[in-house]
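Please look over the model, then read the points below.

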Amino acid sequence: MAGENLADVADLAGLAEVESRVRRLEARLRSAEDQLEILRLLNSYGPLVDSGSAEEAADLWISGGGYEFGVPAGSAVRVEAPQGLADLYRTEPHTGLVAAGVAHLTAPPRVTVSGDTAEAVGYSFVVLREDDRWFLWRAAVNHWTLLRTPAGWRIRDRRNRVLDGSPESQAIMRLVRG
């Protein structure tokens, strides 16, 4: 009888260890799935804006979220999602790029997930066609904040600064340290 009780205790301890390992593996799997979903979200931006899919591109953001980007005068402009972004993608400067042939590329960012929020830091590039050649038209660094929603991960805010050596662009680059 005593030997059976010890075996039962050993079985329970073994079961508890297996359950603990399964919980840790589930957490790691969820983290990997979150990171993959975020990468897919961020990398869908370029094909959407480059194909003239203004509403679909704007829907990558939560309502009230925004896209802040630097302008040549050294200041920044913030455009609110979704309507402001959809309108931006329909403006002549953007539609002119689409008509010429353009590729907005997102380099693989460093993604940090914390529960239902995440941050990503990485580069983006705009490649533009001119006659028979393609050239790098713009290079920038980005900081995205993201939220898990019932529809999946969405962008809350994106800050984008051209790589011009400015303190603002360097400050965003330093966010990669986490």
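A cavity is a set of points, on a 1 Å grid over the protein atoms alone, where a 1.4 Å probe fits but cannot get out. A pocket is an open set with protein on both sides within 12 Å along at least five of seven lines, and lining residues have an atom within 4 Å of a point. This is a predicted model: local features need pLDDT of at least 70, side-chain atom pairs count only at pLDDT 80 or more, and totals for chains, interfaces and linings use all residues. Residues are numbered from 1 along each chain as its sequence is written, and side-chain values use heavy atoms, with hydrogens and water left out.

**Cavity**

- The count comes to one cavity of 30 Å³ or more.
- The largest cavity holds about 30 Å³ of space; a volume is the space filled by probe spheres set on the points, which are joined across faces, edges and corners.
- Its lining consists of Leu42, Tyr45, Trp61, Thr106, Trp144, Ile155 and Arg158.
- Helix H1 (2-50) and strand E7 (152-162) are the elements that give two or more residues to this lining. Helices (H or I, at least four residues) and strands (E, at least two) are DSSP runs, numbered from the N terminus.
- By class, the cavity lining has five nonpolar residues, one polar and one charged. Here Ala, Val, Leu, Ile, Met, Phe, Trp, Tyr, Cys and Pro count as nonpolar, Asp, Glu, Lys and Arg as charged, and the others, Gly among them, as polar.

**Largest pocket**

- The largest pocket has a volume of about 450 Å³.
- It is lined by 20 residues, of which Tyr67, Leu97, His104, Trp137 and Arg138 are the closest to its centre.
- Elements giving two or more residues to this lining include helix H4 (92-100), strand E3 (102-106) and strand E6 (133-149).
- The lining of the largest pocket divides into eleven nonpolar, seven polar and two charged residues.

**Second largest pocket**

- The second largest pocket has a volume of about 190 Å³.
- Among its 15 lining residues, Thr112, Ala118, Glu119, Ala120 and Gly178 lie nearest the centre.
- Strand E4 (110-114), E5 and E6 each give two or more residues to this lining.
- E5 supplies the largest share, five residues.
- The lining of the second largest pocket has seven nonpolar, five polar and three charged residues.

**Nonpolar core**

- The largest nonpolar core has 24 residues. Such a core is a set of buried Ala, Val, Leu, Ile, Met, Phe, Trp, Tyr and Cys residues joined through side-chain atoms within 4.5 Å.
- Trp61, Leu85, Tyr89, Leu146 and Ile155 have the most contacts inside this core.
- H1 gives the most to this core, with five residues.
- Ile155 touches Leu41, Leu42, Leu60, Trp61, Ile62, Trp144, Thr145 and Leu146, not counting residues up to four places away in sequence. Contact means heavy atoms within 4.5 Å.

- Arg161 sits in strand E7 and is buried, with a relative accessible area of 12%. Buried means under 20% relative accessible area, exposed over 50%, partly exposed in between (1.4 Å probe, protein chains only).
- The side chains of Arg161 and Glu68 are joined by a polar contact of 2.4 Å. A polar contact is a pair of N or O atoms within 3.5 Å; within protein, one must be able to donate a hydrogen and the other to accept it, and residues adjacent in sequence count only if both atoms are side-chain atoms.
- Ala86 belongs to helix H3 and is buried, with a relative accessible area of 3%.
- Beyond its neighbours within four places in sequence, Ala86 is in contact with Ala54, Glu55 and Ala58.
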